[in-house]
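The sequence and structure come first.

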Amino acid sequence: MLDAAFLVRRQAPGLLLSGLCYAGGLAFGLAVSAVLLVQAGVPAAALVDEFLIATFLTSDGLAQTVTAALPLVLVGLASAVAMRVRFWNIGVEGQLWLGAVASTWIGLGGTGPDALRLPAMLLLSAAIGAAWIAIPLVLKLRFGVSEVISTLLLGSVAFLLVQHLLFGVWRDPATGFPVTAAFLEAARFPSLGWGQLHGGLFVVGIVAVLVWFMLGHTRAGFYADAVGLNPKAARAAGLPATATVVGLVLLSGALSGLAGMTIVAGTEHRLNQSVGSGYLFSAIVIAYLAGARPFWVVVVALALGAVFTAGSVLKVFYGISEGMIVLVQGTVLISILMAQFFGTYSLSRPGRGEAS
Amino acid sequence: MSVAASPAAGRENTSPGRPPALELRGIGKAFDGRPALADAQFSLAWGEVHAIVGENGAGKSTLMNVAAGVYAADEGEQTIDGAAASPRSPMEATAAGLGMVHQHFRLVDSFTVAENVLLSLGRRGAVRTIAQAGAAIIAKAREIGLPVDPSRVVADLSTAERQRAEIVRVLLLGARILVLDEPTAVLTEDEAKALLSFVRRLAGQGHAVVLITHKYREVAGFCDRVTIMRHGRTVLAGAAVSGLDEAEVARLMVGEALPAGSRPLSSAGPVVLAVAGLSVEARPHGQGLAGIGFDLRAGEVLGLAGVGGNGQEELVSCLTGLVLPQSGAILLAGRDVTTVPPRERRRAGLRVIPSDRFDSGLIRDFAIADNLALSRVADGAFGALLFLRRGRMRQTAAEAIDAFDIRGATPTVRTGLLSGGNAQKVLLARELDAGMTVLVAHSPSRGLDMKATQFVRTAIRRAVEAGAACLLISEDLPEVLALSHRVAVMNRGAIAGCRDIADVTPEWIGALLAGHA
């Protein structure tokens with residue numbers, strides 16, 4: 001007979017324990033990643049150089065890290081607000097693609113005066129992102145369709161739409177490549193004169209502060225937590241449960257759409273087939289590691305931005321493949337998640353007389 | 001039927017010279033310091049069907065769970081077929097020959113019946129493949145005359161079919177003593193009859209069967225002897241069914257402890273909650289509401305007694321506004337609220353204490369202050385417009401913690417960390433506010449210790465004295481009798497009868513509880 005040991009949920013995991021588990025997981029993940037990278041041909045001595053010094057301690061590196069972190073903050077927030085109401089938005093990339101498409105339409109010289117071009121791109125990308133997630137939301141509320149499947153599949157639909165446009169009406173007339181022409185000057189975020197960093201920084205900063213304030217200091221955030229943790233009790237207590245879910249999920253879509261806009265208007269200045277790839281995975285990683293708390297979303301997004309920066313350096317100078325970079329991210333994530341498990345549960349062997 | 005003549009016959013058995021199939025002596029068991037069993041006795045002979053009856057919480061299931069190795073007894077002795085036994089797990093109990101079929105079946109839904117049996121057998125002995133398990137099931141099913149199809153997936157089976165699969169599984173594991181915990185509660189009339197006839201046949205083949213039940217009909221029609229339990233004690237040990245009548249059983253079940261002091265209505269207040277013809281479709285494995293109706297007046301407690309699973313949960317959900325009825329009406333202070341959302345019912349003065357406080361009452365992972373504020377944030381009590389003033393929430397919470405003497409609590413402590421009694425006080429502090437006019441309380445002291453129970457009852461009494469009305473839905477009869485001005489009994493989703501507390505007799509309640517109008 002199997003001698004069973006039971007998992008017992010810790011009643012009140014202390015801050016120290018949680019911190020230790022988190023740090024332990026991070027250290028373990030980084031150590032394994034280091035081994036992987038050295039195995040792949042990166043000199044051990046270069047690791048510290050590239051990871052720590054080049055990404056945080058040099059001016060160029062830091063600018064690059066922050067730039068890379070901007071859309072990550074937005075998708076992380078998008079994932080986090082949906083997570084708060086237990087809506088699994090696995091379609092962050094789809095909403096992001098559509099936000100990018102909407103921005104591109106205006107950025108390429110659609111209607112409107114130049115002065116309103118950036119504000120219009122902001123608004124339209126957010127609106128279209130929200131509209132795209134409204135489909136799975138309605139399906140879920142009306143027919144009980146699992147949003148995990150519907151958001152994920154709609155993500156692919158969005159990408160096909162992008163391809164349709166890039167291989168069709170938006171194909172670059174100059175080169176014939178499936179990328180759009182460059183945006184009008186008025187449709188680009190102004191450069192801040194520090195690396196690639198652009199005016200999107202202020203947009204992301206303001207949005208992050210607003211989301212932080214909303215979740216922590218307004219009724220909406222309170223409702224969201226109540227509905228997320230116990231929808232039945234929230235409804236019985238008279239909270240507008242459905243309206244809360246609708247509001248936060250639409251916000252999630254809007255934030256993703258905004259992320260798409262930030263990428264095309266901030267760094268790419270055109271739409272191509274790769275601006276949105278990888279953000280779904282990153283969004284979930286960030287929101288999960290941050291515990292769906294906005295402040296920590298920003299922190300984790302910056303850390304992940306550094307990994308991206310270091311990754312691109314490794315790619316260029318050491319010929320490390322893209323897959324390897326994803327593997328490193330995955331290794332670190334899995335390590336931290338496993339470590340969190342030990343912070344949440346303790347193992348115990350059943351003694352006699354322990355009933356009910 | 002067999003011939004045990006008196007309680008003393010419990011020590012004998014129907015096959016002379018053979019020791020009792022199961023004997024329990026002086027069993028005591030406490031949960032978190034609360035005694036569930038005290039000096040309980042039970043003796044089961046081979047070849048008999050033995051009923052254990054008693055109210056909810058009388059200790060019937062607990063006693064049999066001790067016998068079946070689910071719980072370890074704190075004290076007492078147990079023998080199975082004459083040999084001392086103290087099974088530490090259901091597996092050990094079954095190995096010793098005793099198998100229990102619980103109210104909630106222990107089958108893996110996504111497996112077939114044969115796979116479930118194989119899983120339990122654990123690849124020991126002759127049965128090692130699914131095919132062999134299937135053959136064994138068919139052979140056993142034929143032997144005992146119980147149709148079971150081994151190849152079907154459990155999730156696709158009806159409740160009755162699952163039950164049969166569970167019985168065959170337990171018997172295949174080697175059980176000769178079969179304990180059935182309220183097996184007919186989930187069955188239709190015909191299915192119940194078929195099951196009970198089978199049980200008789202099984203006893204005729206030399207097995208011993210324990211039938212835990214509430215229903216006198218089943219005792220009289222299908223059992224040889226009966227053991228009656230009350231408050232964790234055996235009040236009648238193994239008496240022959242033929243020597244008892246229904247009134248006697250009802251009296252022993254309920255006890256003499258009836259109306260503790262009469263409570264004449266202080267004033268015949270106006271009707272504040274009127275429910276008429278309320279019907280809700282039954283969910284799978286559940287009971288719906290079948291046209292239930294009653295009036296509740298200001299200044300009174302209407303106690304709804306009844307065995308659990310007769311529609312109590314559905315009634316509370318319906319009154320709260322979480323479930324919409326198919327037909328019928330709910331009038332709150334004269335206003336039809338049958339289809340309005342919970343929020344508007346709260347505004348009209350309705351407050352609810354659900355039976356499971358962490359299911360639809362409190363949020364386990366919320367701070368105490370947040371739970372206390374839960375129903376009031378939407379009304380702008382903690383900041384106008386959309387803002388939230390957490391400081392004021394904490395301050396209000398600190399006052400409530402003082403007023404209700406919630407131990408181990410500060411406003412920021414997670415509610416799930418509180419003891420049951422203190423968590424219940426958080427709920428009471430929120431629900432028993434100034435705006436309350438109608439309180440629906442479902443088993444408000446379930447799982448609480450004496451002191452917390454007293455606190456809850458006093459709080460309800462005070463609220464009612466102050467002019468509120470209370471619908472007390474409880475499976476705990478003493479609680480209903482201690483608080484109510486009027487008592488109604490719920491059965492199969494409807495009211496089986498209603499009387500003023502002064503006219504309530506044990507026979508009346510016992511008969512209605514047992515399902516006789």
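In this predicted model, chain B contains an open sheet of six strands, in the order β16-β17-β18-β13-β19-β20, with mixed pairing. Its edge strands are β16 (350–353) and β20 (494–500) of chain B, each of which pairs on one side only. On average, and with direction ignored, neighbouring strands of this sheet are turned by 15 degrees against each other.

Within the sheet, strand β13 (residues 301–305) of chain B runs parallel to strand β19 (residues 486–491) of chain B, and four bridges join the two. One residue pair can be picked out: B:G303 has B:V487 in β19(B) as its bridge partner.

| Helix of chain B | Strands of chain B it lies across | Angle |
|---|---|---|
| α9 (residues 312–320) | β16, β17 (438–442), β18 (469–473) and β19 | about 150 degrees to β17(B) |
| α17 (residues 506–513) | β13, β19 and β20 | about 25 degrees to β19(B) |

**Nonpolar core**

The largest nonpolar core has 271 residues, and A:V73, A:I286, B:V179 and B:C470 are those with the most contacts inside it. Helix α3 (residues 59–84) of chain A provides the largest share of this core, 15 residues. Domain 1 (269–349 + 435–517) and domain 2 (359–434) of chain B both give residues to the core, so it lies between them. In general, nonpolar side chains of soluble globular proteins tend to be buried together.

Which residues is A:V73 in contact with, leaving aside its neighbours within four places in sequence? They are A:V204, A:A208, A:V297, A:V298 and A:A301.

**A helix pair in chain A**

Helix α4 (residues 92–107) and helix α5 (residues 117–143) of chain A pack at an angle of about 145 degrees, and their axes are 8 Å apart. The crossing of α4(A) past α5(A) is right-handed. On the α4(A) side, the residues that meet α5(A) include A:G94, A:L98, A:A102 and A:I106. Among the residues of α5(A) that meet α4(A) are A:A120, A:L124, A:I128 and A:W132.

**A residue in helix α13 of chain A**

A:F342 is placed in helix α13 (residues 322–344) of chain A. Is A:F342 buried or partly exposed? A:F342 has 16 other C-beta atoms within 10 Å, so it is partly exposed; a buried residue would need 20 or more, and an exposed one 12 or fewer. From C-alpha to C-alpha, A:F342 and A:A126 are 39 Å apart in space, and they are 216 residues apart in sequence.

**Contacts between chains and between domains**

Between the chains, 21 residues of chain A are in contact with 26 residues of chain B. On the side of chain A that touches chain B, α8 (219–229) and α9 (231–236) of chain A each supply at least two residues. The most comes from α8(A), with five residues.

Chain B is assigned domain 1 (269–349 + 435–517) and domain 2 (359–434). The C-alpha centres of these two domains of chain B lie 25 Å apart. Across the boundary, 15 residues of domain 1 of chain B are in contact with 12 residues of domain 2 of chain B. Helices α10 (342–347) and α15 (450–465) of chain B each supply at least two residues of the side of domain 1 that touches domain 2. The helix that gives the most to that side of domain 1 of chain B is α15(B), with five residues.

How values were computed. Residues are numbered from 1 along each chain as its sequence is written. Chains are lettered from A and ligands numbered from 1 in the order in which they are written. This is a predicted model: local features need pLDDT of at least 70, side-chain atom pairs count only at pLDDT 80 or more; totals for chains, interfaces and linings use all residues. Two strands pair if DSSP finds at least two bridges between them. Axes are lines fitted to C-alpha atoms, for helices over the stretch in contact, and angles run from 0 to 180 degrees between N-to-C directions. Two residues are in contact if their C-beta atoms, placed from the backbone, lie within 7 Å. A nonpolar core is a set of buried Ala, Val, Leu, Ile, Met, Phe, Trp, Tyr and Cys residues joined through C-beta atoms within 7 Å. Domain bounds come from an automatic or database domain assignment. A crossing is left-handed if the near helix is turned anticlockwise from the far one by less than a right angle, and right-handed if clockwise.
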